[in-house]
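Subject: Structure handover

Hello,

Here is the structure I promised to pass on. Please open it first, then read my notes below.

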Amino acid sequence: MHLRTKRIGNQPYLYAVDTYWNAGNPKVAFQTYLGRADQLFGPAAKPLVRTFRYGAVAVLLQIARQLDVVATIDSVVGSRSNPSVGEYLLLAALNRAAGDPCSKRA
């Protein structure tokens, strides 16, 4: 990831850019606008905070495996279906905890 400056008129605008190689040519994988250079680095600079979530579902799934959540739920409920009640409830909980929940059918 690197910063790229684009000039539009007399103003420099900064972008955070991540690139990758495709068939010997660089391609943009990710680009986001950060603001004008004077807003970010000048005397009136505003703090810029942007976060990204990576691996939240993998971490939660690993914790669920260590706690043996699916087997515990299935031992109480006695499920024989596929997916089991424990697996279904784990998927529903992961969906809710991951930060961008959708409907149970989705």
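V17 has its bridge partner in β3, and that partner is Q31. V17 also stands opposite H2. V17 itself is part of β2. Please keep in mind that this is a predicted model.

**The sheet**

Those strands belong to an open sheet of three strands. The order is β1-β2-β3, and the pairing is antiparallel. β1 (2–8) and β3 stand at the edges with a single partner strand each, so one side of each has no neighbour in the sheet. From one strand to the next, the twist averages 35 degrees.

Now the two pairings. Seven bridges join β1 to β2. Ten bridges join β2 to β3. Both pairs run antiparallel. Another bridge to look at is that of R7, whose partner in β2 is P12.

β1 and β2 have two residues between them. In that turn, G9 has a positive phi of about 70 degrees. β2 and β3 likewise form a hairpin with two residues between them. Here the turn holds A23, with a positive phi of about 55 degrees.

**Backbone points to check**

Most residues other than glycine have a negative phi, and most peptide bonds are trans.

- A23 has a positive phi although it is not a glycine. A23 lies in the loop between β2 (11–22) and β3 (25–36). A23 counts as exposed because its relative accessibility is 76%, and the cut-off is over 50%.
- D68 also has a positive phi, about 55 degrees, and is not a glycine. D68 sits in the loop between α2 (56–67) and α3. D68 counts as partly exposed, at 41% relative accessibility.
- N82 and P83 are joined by a cis peptide bond, with omega at about 5 degrees. P83 is in the loop between α3 (69–77) and α4 (85–97).

**Around S84**

S84 is found in the loop between α3 and α4. Is S84 buried or exposed? S84 has a relative accessible area of 8%, so it is buried, as the limit is under 20%. Which residues does S84 contact, leaving aside neighbours within four places in sequence? They are V70, D74 and S79.

D74 is in helix α3. D74 counts as buried, at 18% relative accessibility. Not counting residues up to four places away in sequence, D74 touches S79, S84, V85 and G86.

**A pair of leucines**

L91 is in helix α4. L91 is exposed, with a relative accessible area of 54%. L91 and L61 are 30 residues apart in sequence. In space, C-alpha to C-alpha, they are 9.1 Å apart.

**The core**

What makes up the largest nonpolar core? It has five residues: L14, A16, L34, A37 and L40.

**The protein as a whole**

The secondary structure comes to four helices and three strands. Along the sequence, the pattern reads β-β-β-α-α-α-α. The protein has 106 residues, and buried residues make up 16% of them. Its accessible surface comes to about 8,400 Å². Carbon and sulfur atoms account for 56% of that surface. Among contacts with a separation of 6 or more, 20% are between residues 24 or more positions apart.

**Confidence**

The mean pLDDT of the protein is 83. Of its residues, 85% reach 70 or more. Confidence is lowest in α1, at a mean of 74. Confidence is highest in α3, at 92. Where pLDDT is low, the predicted coordinates should not be read in detail.

Best wishes

Definitions and conventions:
Residues are numbered from 1 along each chain as its sequence is written. This is a predicted model: local features need pLDDT of at least 70, side-chain atom pairs count only at pLDDT 80 or more; totals for chains, interfaces and linings use all residues. Side-chain values use heavy atoms; hydrogens and water are left out. Buried means under 20% relative accessible area, exposed over 50%, partly exposed in between (1.4 Å probe, protein chains only). Two strands pair if DSSP finds at least two bridges between them. Axes are lines fitted to C-alpha atoms, for helices over the stretch in contact, and angles run from 0 to 180 degrees between N-to-C directions. Contact means heavy atoms within 4.5 Å. A nonpolar core is a set of buried Ala, Val, Leu, Ile, Met, Phe, Trp, Tyr and Cys residues joined through side-chain atoms within 4.5 Å. pLDDT is the predictor's confidence in each residue, from 0 to 100. Accessible areas come from the Shrake-Rupley method with a 1.4 Å probe; for residues, only the protein chains shown count as cover.
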